[in-house]
Amino acid sequence: MSSPPQRRTSSRLAKSATLATAAAKPATKAPVRAVKRRKVETVSVEGPETSVEAAMVEEITLTTSKGRKGKGVAVKKTTKTVKTVKKVAISEKDKDEEGASAEGSCCSSHDEEDDGEDEKATAKLSKKRATKEPKAKKKAAPKKKGGPLTELKTDDMWARANQAKKFIGAHISAAGGIWNAIENSVDIGGTAMALFVRNQRKWTSPPTSEADIAQFAASAALSKHDPRVHVLPHGSYLINLANPDAEKNAQALEAFIDELSRCEALGISLYNFHPGSTLKEPRDEAIGRIIAAINKAHAATKFVTIVLENMAGQGNIIGSAFEDLREIIDGVTDKTRIGVCIDTCHTFAAGYDIRTKAAYEATMLEFENVVGFKYLRGIHLNDSKAGLGEHKDRHENIGKGEIGWEGFRLLMNDPRMDNIPMVLETPPGDSPDNGHSVYRMEIAQLYELVGKEEGFVPS
Ligand SMILES: [Zn+2]
């Protein structure tokens, strides 16, 4: 209900311009002939004691050795202690934890668990990820200033999105600091994005620092990502609001509210999560617990919209039928702050066909009749390794799975999908750049589908 927040940085601007200017250093090592820097904004944040943090944002214009022009964004952060009492800056340990939290993307590397204990499922998931993603890869994940950002062309990126009215991006890494997610998103040509707002594998995580919040706002402003429109964070897999155990349910709700509060601190208006698992308890009661938790979370927060993701599974998993989502919405008191995200892979695996025009229209008509497009707040763009109605959550790269290009062509030409975040959660494969080359290609291919006739396949 409430209006979006004021940017936290605005009242604190330019408090330590001298400090920030002194901290500025060359931000690129890319092969360039000319680099022009312009200080766009200076942000300073005062900590609870006497530390002062300063972040300086630079807009870089450069010319590559091939004569191509591009614009880049670099954010420099410094911490200066006036009187050393308490350091406000996030510690190295915390950085590691936050970095870990950003590895991997949503459901793309795990199977939806349909049986019993959610903790067990998470442990299994963590183990699987640990073997899948060795430390060496983790180190290579963060995109540093002066790297790919020097290649970005934000004007072209936004022109493409605005023309199509489709805002496409990926679930992207926030390793090394939450603002890196925006920089990574820009690197792949993304105008929408998903991220984890904290370590998704732990119940507690250090608070997002004021400096990180300021940098996130500065990066978002410079890259023209509006956190209220283009960002759809993904909730932790640990959270099961349907858990019948009172203690575990309270723990899940606490984590849920913590994540929602972090979104609000970052000025983010949407938050996507998996509705939950019944853990083999009666379904009506499980849905009742989800509704109760959402109502409490609404009361504990101000403006963020809670977005229910549709699911692939059946049995204990809640949300694979559109009716589940409707039932939850019906029980939520503040209907202005509840929404739905359609995951194309989950939709298809749950038995809703979108492969042909007739099938697509029938599925969307059913969604309209049961849930209603007025609740649609986002799309997860994934092809499916599993067949129609197999109830398996197996993401595949766009056009390479059982859905195929036609389903995505229909989606990309559907005005009901206009102006909402559309987020890839496709497998990064063996790409050495943390999936960036894959996402960059998939985003370009999806835009190619706009305005094309039936049967078109992108290059
Ligand atoms: Zn998803």
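Which residues in helix 8 meet which residues in helix 9? I will come to that after some background.

This is a predicted model, in which local features need pLDDT of at least 70, side-chain atom pairs count only at pLDDT 80 or more, and totals for chains, interfaces and linings use all residues. Residues are numbered from 1 along each chain as its sequence is written.

The protein has 14 helices and 14 strands. Helices (H or I, at least four residues) and strands (E, at least two) are DSSP runs, numbered from the N terminus. Of the 459 residues, 49% are buried. Buried means that 20 or more other C-beta atoms lie within 10 Å of the residue's own, exposed means 12 or fewer, and partly exposed is in between, with C-beta atoms placed from the backbone. Two residues are in contact if their C-beta atoms, placed from the backbone, lie within 7 Å. Among contacts with a separation of 6 or more, 78% join residues 24 or more positions apart.

Now the opening question. On the helix 8 side are Asn249, Leu253, Phe256, Ile257 and Leu260, and they meet Arg289, Ala293, Lys296, Ala297 and Ala300 in helix 9. By class, these residues are seven nonpolar, one polar and two charged. Here Ala, Val, Leu, Ile, Met, Phe, Trp, Tyr, Cys and Pro count as nonpolar, Asp, Glu, Lys and Arg as charged, and the others, Gly among them, as polar.

Helix 8 (residues 246–265) packs on helix 9 at an angle of about 40 degrees, with the axes 10 Å apart. Axes are lines fitted to C-alpha atoms, for helices over the stretch in contact, and angles run from 0 to 180 degrees between N-to-C directions. That angle makes helix 8 oblique to helix 9. Under 35 degrees counts as roughly parallel, over 145 as roughly antiparallel, 65 to 115 as roughly perpendicular, and the rest as oblique.

Helix 9 (residues 283–300) also packs with helix 10 (residues 322–331), at an angle of about 45 degrees and with axes 9 Å apart. Helix 9 is therefore oblique to helix 10 as well. Ile287, Ile290 and Ile291 of helix 9 make this contact with Glu327, Ile328 and Gly331 of helix 10. The classes here are four nonpolar, one polar and one charged.

Ile290 comes up again in the largest nonpolar core. That core has 96 residues, and Ile290 is one of those touching the most other members, along with Met193, Phe256, Met422 and Val423. A nonpolar core is a set of buried Ala, Val, Leu, Ile, Met, Phe, Trp, Tyr and Cys residues joined through C-beta atoms within 7 Å. Leaving aside neighbours within four places in sequence, Ile290 is in contact with residues including Leu241, Pro275 and Ile318.

Leu279, in the loop between strand 7 (276–277) and helix 9, has phi near 50 degrees, a positive value in a residue other than glycine. Leu279 counts as partly exposed because 17 C-beta neighbours are inside 10 Å.

Asn434 also has a positive phi, of about 60 degrees, and sits in the loop between strand 14 and helix 14 (436–448). Asn434 is buried, with 26 other C-beta atoms within 10 Å.

Asn413 lies between helix 13 (405–412) and strand 14 (421–424), in a loop. Not counting residues up to four places away in sequence, Asn413 touches Val450 and Gly451.
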